[in-house]
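This briefing covers one protein chain, topic by topic. Please read it alongside the sequence and the coordinates shown here.

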Amino acid sequence: MNNPYTQTPASKVAVPQTSGKATATLILGLLSLVFSCLTALPALIVGIVAIGEINRSEGALTGKGLAFAGMILGGMTSLVTVAFGVMMFLLIAPAVGAARDAAQTQMQNNNMKQVGIAMHNYHDVFESFPYVGTEAVPMSWRVSILPYVEQAPLYEEFDFSATADSAVNAALTNQMPEVYGTVLFAHGSSRSPLQIPMAAGATEQPPVGGSQVSLQSRFGGPNNGPGAVGMSDFLDGASNTVMAVLASPETLKSSWIETDSDYLFDPSNPAAGMYVTPRGQYLVLMVDGSINRISQDIDPEILKNLMLRDDGNLITDDFGY
């Protein structure tokens with residue numbers, strides 16, 4: 001006989017489970033406080049997946065709070081990391097730029113010093129420096145000293161019976177040695193910023209009285225002839241007479257092998273056309289082979305006297321730094 005008081009057991013109600021991904025999101029978010037973006041980004045990704053999974057479970061999964069908490073921690077850590085990175089970049093970038101400029105300037109110093117040594121080796125052999133800017137010499141002084149900058153094979157390829165713009169010689173313009181170039185600005189592969197000051201116009205018309213600029217010929221004679229310039233012609237002293245300067249990019253109009261590819265010196269504005277380094281300096285090669293960094297604020301009269309080899313105005317003060 002059936003017991004009328006017996007009841008059918010009610011079916012069990014499913015207990016919602018906490019999403020494992022939500023828990024993982026919280027753990028990753030907490031770890032991001034130590035490991036930064038290594039766990040912050042995964043916390044954001046796993047949290048998005050966890051919330052989607054919870055929404056689709058129709059109440060079978062819980063843990064949205066855990067997921068949101070982990071995502072907030074990960075997001076905050078990411079923002080702090082990015083802000084810190086930006087701040088460090090702003091602090092470090094100037095120092096990196098300064099270090100790069102210093103390295104470039106040092107490299108250019110080395111190039112100029114190598115040219116100075118080559119000029120003196122040439123002088124030891126021929127008892128004069130190579131000519132600059134005379135019609136009697138078909139090519140630049142840079143070609144003349146090629147054997148002394150370890151470029152003897154390139155020197156042998158030139159035809160010295162022809163002009164610089166002849167087919168044979170012009171074909172060599174794109175083979176300018178690195179020592180004549182510079183790392184301080186883009187100038188192309190055939191134009192050299194390292195230039196010797198020249199008086200504008202004929203060499204027989206020096207810019208100031210009876211004085212001459214650097215290595216220009218006194219008489220415009222043939223190469224190594226009676227007009228060639230030697231150490232004895234630098235009456236103002238080799239240590240305070242400029243042999244070569246760095247010219248600005250806009251002045252580079254001729255290829256490195258041509259005789260009109262050098263710096264036109266204007267005594268009324270001696271700094272015109274000279275390149276200014278990021279530190280506000282002119283880099284110059286002196287006749288004695290030393291390198292000087294001259295402030296762009298130098299007295300123009302002093303700079304003019306430094307360009308002239310025998311004007312009688314000796315520079316006794318320290319003009320470089």
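Phenylalanine 160 has a relative accessibility of 38% and therefore counts as partly exposed; buried means under 20% relative accessible area, exposed over 50% and partly exposed in between, with a 1.4 Å probe and protein chains only. The model is predicted: local features need pLDDT of at least 70 and side-chain atom pairs pLDDT 80 or more, while totals for chains, interfaces and linings use all residues. Residues are numbered from 1 along each chain as its sequence is written, and side-chain values use heavy atoms, with hydrogens and water left out.

**Aromatic pairs**

- Rings of Phe, Tyr and Trp (its six-membered ring) pair if their centres lie within 6.5 Å; planes under 30 degrees apart count as stacked, over 60 as edge-to-face and the rest as tilted.
- By this rule the count is eight aromatic pairs.
- Phenylalanine 160 forms a tilted pair with phenylalanine 158, at 6.3 Å centre to centre and 45 degrees between the planes.
- Phenylalanine 158 is buried, at 6% relative accessibility.
- Tyrosine 180 and tryptophan 256 form another tilted pair, with 5.8 Å between centres and 35 degrees between planes.
- Tyrosine 180 lies in the loop between helix 6 (167-170) and strand 3 (194-195), and tryptophan 256 in the loop between strand 5 (242-246) and strand 6 (264-265), so this pair ties together parts that are 76 residues apart in sequence.
- Tyrosine 180 and tryptophan 256 are both buried.
- Ring pairs join Trp141, Tyr155, Phe158, Phe160, Tyr180 and Trp256 into a cluster.

**Strands**

- Helices (H or I, at least four residues) and strands (E, at least two) are DSSP runs, numbered from the N terminus.
- Five of the five residues of strand 5 are buried, so strand 5 is largely enclosed by the rest of the structure.
- Two strands pair if DSSP finds at least two bridges between them.
- Strand 5 pairs with strand 3 in the antiparallel sense over two bridges, and leucine 194 stands opposite leucine 246 in strand 5.
- Strand 5 also pairs with strand 7 in the antiparallel sense, over three bridges; valine 242 stands opposite methionine 286 in strand 7.

- Tyrosine 282 is in strand 7 (residues 281-286) and is buried, with a relative accessible area of 6%.
- Asparagine 109 lies in helix 3 (residues 64-126) and is buried, with a relative accessible area of 9%.
- With the neighbours within four places in sequence left aside, asparagine 109 is in contact with Leu283, Ile291 and Arg293.

**Helix 2**

- At 1.5 Å a residue, the 20 residues of helix 2 (residues 37-56) should span 28 Å, and the end C-alpha atoms are 29 Å apart, which agrees; the expected span is 1.5 Å times one less than the number of residues.
- Among the buried residues of helix 2 are Thr39, Ala43, Gly47, Ala50 and Ile54.
- Glutamate 58, which follows helix 2, has a positive phi, near 55 degrees.

**Confidence**

- The mean pLDDT (the predictor's confidence in each residue, from 0 to 100) of the protein chain is 77, and 77% of its residues reach 70 or more.
- Over residues 201-207 the pLDDT is below 50, and this stretch has 16 contacts in the model beyond near neighbours in sequence.
- Where pLDDT is low, the predicted coordinates should not be read in detail.

Methods:
Contact = heavy atoms within 4.5 Å.
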